[in-house]
Amino acid sequence: MAQKPKVDPHVGRLGYLQALVTEFQETESQDAKEQVLANLANFAYDPNNYQYLRQLQVLDLFLDSLSEENETLVEFAIGGLCNLCPDRANKEHILQTGGIPLIINCLSSPNEETVLSAVTTIMYLSSPGSGSHPELTAMPVVQCMLRFSLSANTRLRNLAQIFLEDFCSPSQVAEARTWRAHSALGIPLPRTEAPQQP
């Protein structure tokens with residue numbers, strides 16, 4: 001059982017978040033890092049925390065964590081970014097600091113939640129019909145979404161179909177269907193939880 005973060009409840013919201021960031025940076029324990037990153041990702045869900053999280057550079061902490069080998073850290077980091085993306089300033093920060101390739105790499109994760117958050121984050125970062133960040137709808141991404149649109153996982157299938165309909169042109173989808181060199185073929189579908197036997 002992971003310990004609760006060592007934070008004084010009387011320090012206020014900014015102080016509490018600062019203590020979490022400090023603990024994440026100083027701890028050697030992987031369990032503690034996972035617990036703290038999960039807490040930060042949950043705080044990222046509340047728009048009242050956006051300013052504090054930007055001030056404490058939590059967006060960069062999440063982006064850096066996308067390169068971790070620990071799949072749990074990656075899952076919480078992309079979840080945190082997904083929670084922060086609806087805010088324009090957060091979105092611009094992610095786009096301007098090179099976050100797109102890191103987020104696209106999450107599409108190849110074996111972790112289902114990581115992939116779902118990555119697809120949602122890419123959708124938040126994209127503007128329908130906009131070509132301002134063409135890497136978000138590059139051919140490997142569109143091919144990957146085509147594969148996901150065939151998934152047995154209903155959430156993944158629905159997200160991929162929305163992405164293809166709302167963020168890709170019909171010609172992009174048609175081209176992705178006809179490409180012989182399936183560069184997305186190596187991207188496995190995420191593992192789904194096996195149904196429990198009675």
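A salt bridge is a side-chain nitrogen of Lys or Arg within 4 Å of a carboxyl oxygen of Asp or Glu. The structure described here is a predicted model, in which local features need pLDDT of at least 70, side-chain atom pairs count only at pLDDT 80 or more, and totals for chains, interfaces and linings use all residues. Residues are numbered from 1 along each chain as its sequence is written, and side-chain values use heavy atoms, with hydrogens and water left out.

**Salt bridges**

Side chains of opposite charge can pair when their charged atoms come close. By the rule above, the model has four salt bridges. The table lists three of them, including the pair of Arg-13 and Asp-46.

| Pair | Closest N to O |
|---|---|
| Arg-155 and Glu-112 | 3.9 Å |
| Glu-113 and Arg-155 | 2.6 Å |

Helices are DSSP runs of H or I with at least four residues, while strands are runs of E with at least two; both are numbered from the N terminus.

Accessibility is given as relative accessible area: under 20% is buried, over 50% is exposed, and in between is partly exposed (1.4 Å probe, protein chains only). Arg-13 is partly exposed at 40%, and Asp-46 is partly exposed at 27%.

Glu-112, Glu-113 and Arg-155 are linked in a network of salt bridges. Arg-155 pairs with Glu-112 at 3.9 Å. Arg-155 lies in helix H10 (residues 154-167) and Glu-112 in helix H8 (residues 112-125), so parts 43 residues apart in sequence are tied together. Glu-113 pairs with Arg-155 at 2.6 Å. Glu-113 is in helix H8 and Arg-155 in helix H10, so this pair ties together parts that are 42 residues apart in sequence.

**Aromatic rings**

Rings of Phe, Tyr and Trp (its six-membered ring) pair if their centres lie within 6.5 Å; planes under 30 degrees apart count as stacked, over 60 as edge-to-face and the rest as tilted. The structure holds two aromatic pairs. One of them, Phe-163 with Phe-167, is stacked, at 5.6 Å centre to centre and 25 degrees between the planes. Phe-163 and Phe-167 are four residues apart in helix H10, about one helical turn. Phe-163 is buried at 0%, and Phe-167 is buried at 14%.
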